[in-house]
Amino acid sequence: MRISDRRILKLVRKWLGAGVMEEGNVRRSDLGTPQGGVISPLLANIYLNYFDLLWERHGNKVGELTRYADDFVVICKTKKDADRAYELIRVIMERLELTLHPTKTRIVGLWTGEEGFDFLGMHHRKTKAETSKGKVYYTTQQWLCHKAEERIREVVKERLAPPRMRHKSFHEHVEYLNPKIQGWRNYYYTAYSQKMMAKLDWYILQRLTRWYAKKRQRSRWMGSFREVKALSLQCGLKTLL
């Protein structure tokens, strides 16, 4: 449970004090692991291993725990079990000298489909579904959350909107975007996220068209849409859908 190797402890201290680079500036925190630091997930897994052990002993009958680094969800059958799980988690975290995030930590009722929760970039919600024969049933569906959608738009805009990017070729932009689009598709694509994926595909094409129109010094960007769509097919631009 305790590490006495001074070299390891020295390395961990350096990690904790290294900080995070944001837009060319280093941000350091006095307490805890630096948010966004590459080592944070590993340190969280090591530290919260004790949480997993205690949950196996005392919380297994209350709910099912799913944890990735410092982000976790407990699925319970009843509201009573959820309340008990919340209290147990609070007690364990106090023992670890940790505090639960005041806004992210909450109890969500999935029974009616009116509420859902975000976890690891996906939104989870109980909704109606229908079989090919028209039979209605309820299932928990997943699609990319609003924050993830905004982040994808931000990455595309940061690449194509700045004036300094106008000297780049269409092919260079496609080479930059394709690995990202493939990664987003691999992670976020589900049978229930097709509408959002289609919207994001349209957004990427729209951004490319705006960039192309400015590069060609055209005042109306929509007039370049067909040309950009043809170039996208020619250059092999990947899609999310």
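**Aromatic contacts**

Guide: Phe-51 and Trp-55 are both buried. This is a predicted model, in which local features need pLDDT of at least 70, side-chain atom pairs count only at pLDDT 80 or more, and totals for chains, interfaces and linings use all residues. Residues are numbered from 1 along each chain as its sequence is written, and side-chain values use heavy atoms, without hydrogens or water.

Visitor: Why is Trp-211 called buried?

Guide: Buried means under 20% relative accessible area (exposed is over 50%, partly exposed in between; 1.4 Å probe, protein chains only). Trp-211 has 2%, so Trp-211 is buried. Tyr-212, at 4%, is therefore buried as well.

Visitor: Why is the pair of Trp-211 and Tyr-212 called tilted?

Guide: Rings of Phe, Tyr and Trp (its six-membered ring) pair if their centres lie within 6.5 Å; planes under 30 degrees apart count as stacked, over 60 as edge-to-face and the rest as tilted. The centres of Trp-211 and Tyr-212 are 6.2 Å apart and their planes stand at 50 degrees, so the pair is tilted.

Visitor: How many aromatic pairs does a search of the whole structure find?

Guide: The search finds eight aromatic pairs. Among them is the tilted pair of Phe-51 and Trp-55, at 6.3 Å centre to centre and 50 degrees between the planes. Together with Phe-72, these two residues form one aromatic cluster.

Visitor: What makes the charged end of Arg-159 sit over the ring of Tyr-176?

Guide: The criterion is that NZ of Lys or CZ of Arg is within 6 Å of the ring centre and within 35 degrees of the ring normal. The charged end of Arg-159 sits over the Tyr-176 ring, 4.2 Å from its centre.
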